[in-house]
Number of protein chains: 2
Amino acid sequence: MVSVAINGYGTIGKRVADAVAAQKDMKIVGVSKTRPDFEARMALKKGYDLYISIPEREKLFQEAGIEISGTVEDMIDEADIIVDATPEGIGAKNLKMYREKGIKAIFQGGEKHEDIGLSFNSFTNYDDSLGADYTRVVSCNTTGLCRTLKPIDDLCGIKKVRAVMVRRAADPAQVKKGPINAIVPNPPTVPSHHGPDLKTVMYGININTVALLVPTTLMHQHNIMVELENPVDIEEIKEELNKTSRVMLVKASEGLASTAEIMEYARELGRPRNDLYEIAVWEESLNIVDGELYYMQAVHQEADAVPESVDAIRALLELEEDNKKSIEKTNKAMGIL
Amino acid sequence: MVSVAINGYGTIGKRVADAVAAQKDMKIVGVSKTRPDFEARMALKKGYDLYISIPEREKLFQEAGIEISGTVEDMIDEADIIVDATPEGIGAKNLKMYREKGIKAIFQGGEKHEDIGLSFNSFTNYDDSLGADYTRVVSCNTTGLCRTLKPIDDLCGIKKVRAVMVRRAADPAQVKKGPINAIVPNPPTVPSHHGPDLKTVMYGININTVALLVPTTLMHQHNIMVELENPVDIEEIKEELNKTSRVMLVKASEGLASTAEIMEYARELGRPRNDLYEIAVWEESLNIVDGELYYMQAVHQEADAVPESVDAIRALLELEEDNKKSIEKTNKAMGIL
């Protein structure tokens with residue numbers, strides 16, 4: 001049983017904490033907050049020890065009646081490994097502290113690959129993180145691309161990928177972000193950073209991506225075009241995706257014709273926070289035209305990379321040499337289909 | 001001076017009426033409505049004679065105090081040509097009446113190409129509609145594709161086009177349509193009908209399209225990838241698009257980073273209804289990677305094909321043999337940049 005600490009108990013951190021707590025070979029020794037907000041209160045209610053990132057704010061937590069167990073440095077002393085789920089760019093700054101403390105750490109996709117030196121996906125390059133000190137779980141969008149492109153590449157080889165990433169503008173609870181009625185090329189330059197990011201875990205893949213923001217909060221949506229290396233039947237692709245872990249085929253004709261309906265399905269599954277860890281691929285969209293595979297998929301940005309963070313813990317601490325075994329354990333504990 | 005009647009005075013019809021009225025070689029002899037609504041009242045205020053599509057509703061117009069000049073059949077008798085801007089699918093039904101009355105007619109992109117037999121774009125196939133009895137101005141999205149792909153094809157040849165069409169879910173005044181928080185593959189099958197539609201006016205082009213709806217009302221947005229026939233410099237592409245009529249390059253860096261900001265620019269232009277007839281191409285997005293051109297563009301769905309309807313009148317009535325001359329006249333009268 002390894003001891004895991006979560007630095008940053010926000011959108012990702014709280015999900016990783018619950019996912020880790022559900023594993024048989026891991027336990028949570030603490031989570032950290034910068035502010036005494038409702039999430040801090042909920043963490044305590046769930047039985048997680050609470051640590052504070054900014055020692056000067058101890059009084060604020062006291063005044064709010066929220067009990068703390070110490071600072072982040074104290075939390076690190078209790079742990080075998082840190083999952084850093086702090087906001088974009090902060091993780092890279094924390095790396096110095098982790099290095100001084102001699103603790104292994106996992107970072108999120110908001111950090112730059114260059115700052116961490118190694119990136120991680122459970123399916124494409126698990127082995128490279130075995131025993132490493134630091135690794136970075138790629139972003140929700142890149143994780144989504146890995147999940148479906150890897151089995152396709154394994155099946156019939158990929159010559160070139162083009163993908164248009166239609167991104168949700170904000171998470172459901174983010175009330176200060178926009179747009180509320182516009183389409184925003186983001187970045188306005190092409191290609192976007194998503195292609196290069198995929199290459200940090202799926203080496204040598206030929207991909208160009210275009211990205212934009214649209215006024216929705218539920219999921220990202222990807223439009224993917226794959227020039228295939230070898231001829232293959234569309235039924236073989238469907239079969240391959242059907243048996244791929246953390247991927248699910250959905251049918252528009254069965255009332256799952258949009259991201260909203262897919263999230264409604266996730267609510268029916270009764271999981272914590274109605275999360276959907278699987279990448280949903282629209283079955284009707286799968287088509288091969290002139291040797292090129294087309295498909296559309298949806299990504300629950302708050303949740304899809306959470307199982308990968310759990311697998312990354314096993315890789316860094318060498319709890320499992322085989323990625324398939326870790327994936328199986330994670331899936332079982334989290335109830336992944 | 002030719003006499004033009006507009007059957008259907010809605011989103012497109014009212015714009016075409018004003019555009020026709022602005023031309024020196026055309027006049028409006030009547031517009032039609034099915035209901036005595038605010039648009040009917042506005043038509044009279046503008047000086048257009050009002051005709052009714054459903055004779056049984058005469059009393060409704062009388063009760064509303066809205067003066068009518070007769071039925072659509074009466075209107076046809078006054079006209080040299082009809083622009084049919086009735087809702088999707090009605091135009092094809094009206095064709096029988098136009099045939100019986102022996103009047104030429106122009107249809108909108110909502111009708112099927114097969115039902116009309118001929119499609120029209122001012123830049124790609126003007127000549128084919130010269131003297132024809134009926135033609136169909138292709139949809140706002142297809143018009144948007146024509147406007148930028150034609151000059152690129154002329155400049156350096158096109159091998160293959162892939163385009164992801166991110167469509168506005170509803171027009172600004174449509175209060176009963178959704179989604180308000182979802183991304184909807186539409187259609188969920190790939191490729192979408194936009195590629196085949198482009199082929200009805202840009203013969204032989206190799207194109208596959210993917211389409212989706214997003215919760216915005218302002219503009220469509222296209223993500224276009226063009227494999228080029230011959231090597232070309234990106235500066236040549238920019239120059240070509242810059243001098244192309246009804247296309248404008250916009251800079252995200254100059255505060256035009258989204259569809260909302262582009263429509264704000266249109267409001268500053270002071271045109272009727274703040275319409276933007278030009279296709280806006282984001283200059284920053286233009287890039288050539290491995291012989292493939294990438295770019296993003298925005299389409300004002302209510303307005304962009306309106307000048308094409310005016311040109312189609314000149315083609316059918318053989319008022320201008322040369323498409324460039326018609327385009328020039330239309331542009332000047334409408335104040336197109």
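Predicted model: local features only at pLDDT ≥ 70, side-chain atom pairs only at ≥ 80, totals over all residues.
A residue is called buried when its relative accessible area is under 20%, exposed when that area is over 50%, and partly exposed in between, as judged with a 1.4 Å probe on protein chains only. Residues are numbered from 1 along each chain as its sequence is written, and chains are lettered from A, with ligands numbered from 1, in the order in which they are written.

In an unreviewed entry, UniProt lists A:S139, A:C140, A:N141, A:H194 and A:G195 under "binding site". These residues are spread over 57 residues of sequence, yet they cluster in space, with a largest C-alpha distance of 13.2 Å. UniProt positions follow the numbering used here, feature names are shortened, and annotations may be inferred rather than shown by experiment.

Two of these residues may be followed further. A:S139 occupies the loop between β8 (134–137) and α7 (140–156) of chain A; helices (H or I, at least four residues) and strands (E, at least two) are DSSP runs, numbered from the N terminus. With a relative accessible area of 19%, A:S139 counts as buried. Contact means heavy atoms within 4.5 Å, and, not counting residues up to four places away in sequence, A:S139 touches A:G109 and A:D197. A:G195 belongs to helix α8 (residues 194–199) of chain A. A:G195 is also buried, its relative accessible area being 1%. Apart from neighbours within four places in sequence, A:G195 is in contact with A:I207 and A:T209.

The unreviewed UniProt entry also lists residues 2–140 of chain A as "domain: Glyceraldehyde 3-phosphate dehydrogenase NAD(P) binding". This span is 34% helix and 24% strand, and its end C-alpha atoms lie 26 Å apart. A:G65 lies in the loop between α3 (58–63) and β4 (70–71) of chain A. A:G65 is exposed, at a relative accessible area of 61%. From A:V2, A:G65 is 63 residues away in sequence and 30 Å away in space, C-alpha to C-alpha.

Helix α1 (residues 13–21) of chain A is mostly covered, with eight of its nine residues buried. The elements that cover the buried residues of α1(A) include β1 (2–7), β2 (26–33), α2 (38–45), β5 (81–84), α11 (306–316) and α12 (323–334) of chain A.

How is the packing of two helices described? Two packed helices are described by the angle between their axes and the distance between the axes. Axes are lines fitted to C-alpha atoms, for helices over the stretch in contact, and angles run from 0 to 180 degrees between N-to-C directions. The axes of α1(A) and α11(A) come within 9 Å and cross at roughly 55°. This makes α1(A) oblique to α11(A), given that angles under 35 degrees count as roughly parallel, over 145 as roughly antiparallel, 65 to 115 as roughly perpendicular and the rest as oblique. Here A:R15, A:V16, A:A19 and A:V20 of α1(A) meet A:V306, A:S309, A:V310 and A:I313 of α11(A).

A second pair in chain A joins α7(A) to helix α9 (residues 234–242), with axes that come within 10 Å and cross at roughly 130°. That angle makes α7(A) oblique to α9(A). A:T148, A:P151, A:I152, A:L155 and A:C156 in α7(A) meet A:E236, A:I237, A:E240 and A:L241 in α9(A).

Some local backbone features complete the description. The peptide bond from A:N186 to A:P187 is cis, with omega near 5°, and A:P187 is found in the loop between β10 (184–185) and α8 of chain A. In chain B, a cis peptide bond joins B:V190 and B:P191, with omega about 0°. A:E318 has a positive phi of about 55° although it is not a glycine. The place of A:E318 is in the loop between α11 and α12 of chain A, and its 44% relative accessibility counts as partly exposed.

Technical notes:
Heavy atoms only, no water.
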